[in-house]
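Work through the following exercises with the sequence and the coordinates open side by side. Each one sets a task and is followed by a solution in steps.

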Amino acid sequence: MIKHLKLFLILVLTCLLFAACSNNGADKESEQLTDDTTKATVADKAESNIAQQTKEYILKGQEDIPEARQLQWSETFLNQVDIDAIYKKYIADGGKKDDIKSFAAYLTQNAPTPDNWQEMVKSDIAKDYDEKVSKIELLQDDLYQVYIEKDGSEIPYVVVNSRTGYYHG
């Protein structure tokens, strides 16, 4: 009888040990899945935040750089760019993750020119200076001369970058 009891106890303990080991593996797999999901969620949040960080850097974060060297954008144009898509291309092209300064420079050089850029420029100039654009003429590459009518004459007013919408005159 004692032999049977010992055998029974060994069998029960073996089953419990096996169950604990099996469960431990399941816990580790579950823990790994949870860890991977958390990492993916954090990466997604960081990537979706890249657009906001880049906009803030371009529009407000370059105080330590001389104005002539700053990346200049119209806020209207910057809000139209698919920053997340360009960020993915930047990373695929070997860009350094989370390097906002380098990415902002990449974005400035590689953002597509919006199809409606002329309308956006006209709107920005009307809003900022209460002037009506009469003509836009290509100078070179992405640079265009913008004309307004003043006292019955068409005069050059500003030069605009069609990619970024930034203008100066």
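**Exercise 1: The sheet and its hairpins**

In this predicted model, Lys 150 has Ser 153 of β3 as its bridge partner. Starting from this pair, work out which strands form the sheet and in what order they lie.

*Solution.* Begin with the hairpin that β2 and β3 form, in which two residues lie between the strands and Asp 151 in the turn adopts a positive phi of about 50 degrees. Strand β2 and strand β3 (residues 153-161) are antiparallel and are joined by eight bridges.

Next, follow β2 to its other neighbour: β1 pairs with β2 (residues 143-150) over six bridges, again in the antiparallel sense, and here Val 133 stands opposite Ile 148.

Then turn to β3 and β4, which pair antiparallel over two bridges, with Val 160 opposite Tyr 167 of β4. These two strands also form a hairpin, now with five residues between them, and Gly 165 in the turn has a positive phi of about 75 degrees.

Putting the steps together, the four strands give an open antiparallel sheet in the order β1-β2-β3-β4. Its edges are β1 (133-140) and β4 (167-168), each of which pairs on one side only.

**Exercise 2: The two sides of a helix**

Determine which residues of α3 are buried, and explain how they are arranged about the helix axis.

*Solution.* In α3 (residues 83-92), the buried residues include Ile 83, Ile 86, Tyr 87 and Tyr 90. Viewed down the axis of α3, the buried residues fall within an arc of 105 degrees, and therefore they line one face of the helix.

Just after the helix, Gly 94 takes a positive phi of about 100 degrees.

**Exercise 3: A serine in a loop**

Is Ser 74 buried or exposed, and which residues does Ser 74 touch beyond four places away in sequence?

*Solution.* First locate Ser 74, which lies in the loop between α1 (2-60) and α2 (75-78). Its relative accessible area is 8%; because the cut-off for a buried residue is under 20%, Ser 74 counts as buried.

Beyond its sequence neighbours, Ser 74 touches Asp 124, Thr 164, Gly 165 and Tyr 166. With Asp 124, the side chain of Ser 74 makes a polar contact of 2.7 Å.

Key. Residues numbered from 1 in each chain as written. Predicted model: local features only at pLDDT ≥ 70, side-chain atom pairs only at ≥ 80, totals over all residues. Heavy atoms only, no water. Buried < 20%, exposed > 50% of the residue type's maximum accessible area, 1.4 Å probe, protein only. Polar contact = N/O pair within 3.5 Å; in protein donor to acceptor, adjacent residues only side chain to side chain. Contact = heavy atoms within 4.5 Å. Arc of directions from axis to C-beta. Pairing = 2+ DSSP bridges.
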